[in-house]
Amino acid sequence: MARLSVDPSHHPGQFDSHLVCVNLSQWLADDPRREVAFVHTRSHLKWGIHHEAHTLAKRASFPFNPGIPPRVTFNFIRRKATEACKDEWQRLFSSADYRGHHFLRLCDSTDKPARPSYVGGGPWLPFFGDHPSFCARAIRCILGHAPMGEFRARFNIAGRRDCEYCGTGANQTRAHLLRQCNMLVRPRRFRMYPYYLGELYQYLRDNTWLFSFNPLPREARRM
Ligand SMILES: [Zn+2]
């Protein structure tokens with residue numbers, strides 16, 4: 001705190017530090033013999049002159065910035081800008097036109113649909129961001145841009161539309177791959193599986209070739 005109080009560079013308390021510097025520089029310039037020393041003592045010990053200085057400092061509230069509202073600080077402005085950005089981001093994300101009509105909505109641990117956030121890398125990356133190829137498979141799945149029949153049909157790309165994994169003739173949609181295809185490993189008791197981010201993580205771990213461009217393993221091919 002002592003160092004920061006006379007540090008006019010960019011930091012959360014810059015405004016107050018700048019005022020301290022302005023006042024001190026003037027006081028120091030008046031007499032070259034003047035100097036400033038910071039002495040750190042524990043206030044509860046109430047040592048003579050130190051306690052006197054402590055009491056004086058506590059009594060004085062913002063002696064250097066009369067008329068300036070304390071909320072105009074770097075921290076305050078940064079927090080307001082960040083909150084405004086996040087609010088706008090979440091507002092836009094609630095629109096399917098912005099989010100994407102094929103975006104797979106999953107819930108976080110609070111049982112609410114995951115929404116964009118800047119905290120801890122947002123809700124998705126902490127689950128899927130460890131390995132690039134795993135993250136790519138998760139993103140393909142969530143966005144619906146994956147090597148599967150539904151995607152090929154949507155963009156008129158040559159290739160099979162039916163599911164080559166189970167060979168039942170079912171359209172190979174993402175919903176089929178996530179909830180119906182009997183060649184994929186999933187807990188059978190869940191009807192809306194995967195529902196949580198953690199469940200999609202586990203599903204992709206259990207079916208390592210799903211949503212990847214790698215050749216399909218022989219055991220996962222029926223036709
Ligand atoms: Zn299938």
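Modeller: Helices (H or I, at least four residues) and strands (E, at least two) are DSSP runs, numbered from the N terminus. The model is predicted: local features need pLDDT of at least 70, side-chain atom pairs count only at pLDDT 80 or more, and totals for chains, interfaces and linings use all residues. Residues are numbered from 1 along each chain as its sequence is written, and side-chain values use heavy atoms, with hydrogens and water left out.

Biologist: In what order do the elements of the protein chain run from the N terminus on?

Modeller: The protein chain has ten helices and zero strands. From the N terminus on, the order is therefore made of DSSP helix runs. The elements read α-α-α-α-α-α-α-α-α-α.

Biologist: What is the geometry of the zinc ion's site?

Modeller: Donors are N, O and S atoms within 2.8 Å of the metal (3.2 Å for Na, K and Ca); water is not among the atoms, so sites may look incomplete. Cys-163 (SG), Cys-166 (SG), His-176 (NE2) and Cys-181 (SG) are the protein donors, 2.1 to 2.3 Å from the zinc ion. Four donors count as tetrahedral if all angles lie between 85 and 135 degrees, as square planar (or six as octahedral) if opposite donors are over 155 degrees apart and all others between 65 and 115, and otherwise as irregular. The angles among the four donor atoms are 104 to 115°, and the site is tetrahedral.

Biologist: How many residues apart in sequence are the parts that Cys-166 and Cys-181 tie together?

Modeller: The zinc donors follow the spacing C-x2-C-x9-H-x4-C along the chain. Cys-166 lies in the loop between helix H8 (149-154) and helix H9 (174-180), and Cys-181 in the loop between H9 and helix H10 (197-206), so the pair ties together parts whose separation in sequence is 15 residues.

Biologist: Is Cys-181 buried or exposed?

Modeller: Buried means under 20% relative accessible area, exposed over 50%, and partly exposed in between (1.4 Å probe, protein chains only). Cys-166 has 5%. Cys-181 has 0% relative accessibility and counts as buried.
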